[in-house]
Structures are given as C-alpha cells and as structure tokens.
Amino acid sequence: MTMKCSEVLACISEYVDKEVCPDSCSAIEEHLAKCSHCRAQVQTITQTVTLVRRMKNCCAQKDMVIRLQRRIVRIDRGKL
Amino acid sequence: MTTLDMEAEAALLDRAKTGDREAFWELAAGSVDPIYRLALRLMKREEDAEDVVQESFLKALDKIGEFQGKSRFNTWLHRIAVNQGLMKLRKRRSDVFSMDAPVGGGEEGDAHFMELADFGSSALEDLESSEAATVLESALEELPIDLRTIVVMRDVNRMSNDEVAQALELPLGAVKWRLHRARTILRDRLGEYFAERVCRTGETG
C-alpha cells in the first residue's frame with residue numbers, strides 16, 4: 001500500500017508515539033524511506049516531543065501539599 | 001509520588017466512599033504534582049494555580065460518592081481541575097480573551113509548506129541552555145488553552161490519549177488531532193529558534 005504525504009502527516013503524532021498498528025507502521029516507513037519532506041516532519045516532531053518531555057517540571061510546594069492534606073483529612077464534610 | 005495499581009486504587013476508593021479521609025488522601029496524594037502542573041499551565045499564576053488545586057481536591061472529596069470508577073482516579077481529578085480552572089479563567093475574562101488569541105504571527109497552519117530543517121544533533125543538549133528552555137516555555141504558554149491542556153496532560157503528565165479523552169470528554173480522534181496540532185505549533189517555534197541559531201536554511205533530512 002502506498003501512502004500519500006497527507007496521509008502520513010495526518011498520523012505523525014501517533015507514529016512518533018508508536019501508537020499506529022503494525023500495518024500502518026510499515027506503510028509509513030515505506031513512504032518515509034522515499035520522502036525526505038515527511039522524514040523531516042517525523043524527525044522534528046520527535047525532537048519536539050522529546051524536548052517537551054525533558055522540560056523541567058515544577059512540583060507543588062511542600063507547605064501547599066501539607067495545607068491541602070490538613071484540609072482533606074480534617075475538615076467536616078458539611079463545610080465544603 | 002507513587003503510582004497505585006488498579007486493585008489498590010479500587011480498595012482505597014471503596015474506603016474513601018465511606019468517608020475515610022485518610023484513604024482519600026492516599027488515593028489523591030500522587031496526583032498533587034500533576035494537577036498543580038496542569039493548573040499552573042492553565043492559570044499562569046502560582047496563587048491561582050494553588051487555588052485551583054485546593055478547590056479541585058476538595059471538590060473531588062465532596063463528589064467522591066458520584067465517582068463511578070470508569071476512569072482512573074487521577075484522570076477524574078484532571079477533569080475536575082480543568083473545569084475548576086476554566087471557571088476561574090472565565091472570571092478573569094480579559095485573560096481568557098488574550099489566551100484565545102491567535103498564536104504569534106498566525107503562521108502555525110502553514111507547517112506543511114515550510115522547508116523543515118532538522119533541529120540538529122545538538123538540539124537536545126541545547127535544551128539544557130536556558131535560552132532554548134525559555135523559547136519552549138513561551139511557545140507552550142502561547143498555545144491556545146485547549147491545545148496547551150492536551151500537551152500538558154499528554155507529554156508532561158504522561159497520560160494516555162484515552163485518559164486525556166476521558167478527562168476532557170472529547171472523542172479520541174479530537175484529542176489526537178489537537179495533540180498533533182499543538183506539537184506542530186511547538187515544533188515550528190522551536191524550528192525558528194534553531195534555524196536562527198544555526199543559521200542554516202532549506203536543509204531537509
């Protein structure tokens with residue numbers, strides 16, 4: 001099965017996330033082997049996802065978590 | 001943060017539904033950081049994010065009897081937090097307006113026609129640089145709120161597409177499409193940065 005660029009581009013995110021079925025995956029890879037434009041799309045989306053996943057993630061402040069825990073464990077249901 | 005398995009979650013849920021607050025906290029504690037990250041990306045202000053977190057968890061505690069366990073507890077909390085956040089943003093109408101404005105330059109739809117250069121092998125190491133991290137931060141911040149929410153749930157909080165769809169009550173296809181669109185916009189912003197930085201044009205992989 002030959003895929004068009006538009007069909008490949010439509011499922012790039014799923015391909016990058018390795019969530020396409022094996023048949024689609026083979027068809028996409030067959031297309032990528034021949035199409036430098038789609039290859040660049042896949043590469044740059046892959047890099048983008050990697051960069052987002054490597055971003056420094058903030059965590060909730062400890063005192064905020066303690067305040068929340070106290071409210072949850074102690075308050076009366078009627079006061080919610 | 002520990003991730004509870006399904007069985008442990010179900011057992012804690014049963015106890016929490018009978019009013020056991022300790023069990024509720026055990027169930028919920030692992031979601032505090034992800035919900036805070038989501039709230040901060042939605043609200044863009046720490047104090048508002050903290051309010052959203054507090055309100056979301058208290059609401060979950062109040063409504064625990066209505067939670068049917070069709071999704072993971074963490075997914076349900078995300079749904080509550082998104083609703084709480086949006087409600088708060090509606091009160092800050094001017095901010096909602098600016099957040100819904102088009103992304104800078106309005107060129108995000110033209111990705112297919114751009115000549116794409118690979119960011120280069122140094123890109124990942126470059127994120128360590130504060131400059132690249134700032135570009136990504138601001139690109140994420142400028143995403144329309146619906147797309148930003150999905151990126152945070154999916155790529156920051158590492159939820160599955162199915163979980164995101166459950167949390168946002170969207171069809172799976174809509175989640176996938178929005179995620180793709182969000183990543184494309186981020187990619188284009190990063191691409192501009194790396195292209196400028198490397199002074200390289202028109203080179204495709």
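Helices in these legends are DSSP runs of H or I with at least four residues, numbered from the N terminus. The model shown is predicted.

**View 1. The loop of chain B that holds B:K44.** B:K44 sits in the loop that runs between α3 (32-43) and α4 of chain B. Its phi is positive, about 65 degrees, although B:K44 is not a glycine. With a relative accessibility of 36%, B:K44 counts as partly exposed, because that class lies between the 20% limit for buried and the 50% limit for exposed.

**View 2. The loop of chain B that holds B:R158.** B:R158 is placed in the loop between α9 (145-156) and α10 of chain B. A positive phi, near 60 degrees, is found here in a residue other than glycine. B:R158 has a relative accessibility of 49% and therefore counts as partly exposed.

**View 3. Helix α1 of chain B and its ends.** Helix α1(B) covers residues 6-17, 12 residues in total. From its first C-alpha to its last it reaches 16 Å, close to the 16 Å expected at 1.5 Å a residue. B:G19 follows α1(B) and has a positive phi, near 100 degrees.

View 4. The buried residues in α1(B) are B:E9, B:L12, B:L13 and B:A16. They cover an arc of only 105 degrees around the axis, so they lie on the same side of α1(B). The packing partners of these buried residues are α2 (21-28) and α5 (73-91) of chain B. On the face turned away from the buried side, α1(B) carries the exposed residues B:E7 and B:D14.

View 5. Rolling a probe the size of a water molecule over the atoms shows where empty space is left. The second largest pocket holds about 340 Å³ of space. Its lining is made of 15 residues, and those nearest its centre are B:E66, B:F67, B:W76, B:R79 and B:I80. Three helices of chain B, α4 (46-63), α5 and α10 (161-168), each supply at least two residues of this lining. The largest share, 6 residues, comes from α5(B). Helix α5 of chain B is also one of the elements against which the buried residues of α1(B) pack.

How values were computed
Residues are numbered from 1 along each chain as its sequence is written. Chains are lettered from A and ligands numbered from 1 in the order in which they are written. This is a predicted model: local features need pLDDT of at least 70, side-chain atom pairs count only at pLDDT 80 or more; totals for chains, interfaces and linings use all residues. Side-chain values use heavy atoms; hydrogens and water are left out. The expected span of a helix is 1.5 Å times one less than its number of residues. Buried means under 20% relative accessible area, exposed over 50%, partly exposed in between (1.4 Å probe, protein chains only). The arc is that of the directions from the helix axis to the C-beta atoms. Contact means heavy atoms within 4.5 Å. On a 1 Å grid over the protein atoms alone, a cavity is a set of points where a 1.4 Å probe fits but cannot get out, and a pocket is an open set with protein on both sides within 12 Å along at least five of seven lines; lining residues have an atom within 4 Å of a point. Grid points are joined across faces, edges and corners, and a volume is the space filled by probe spheres set on the points.
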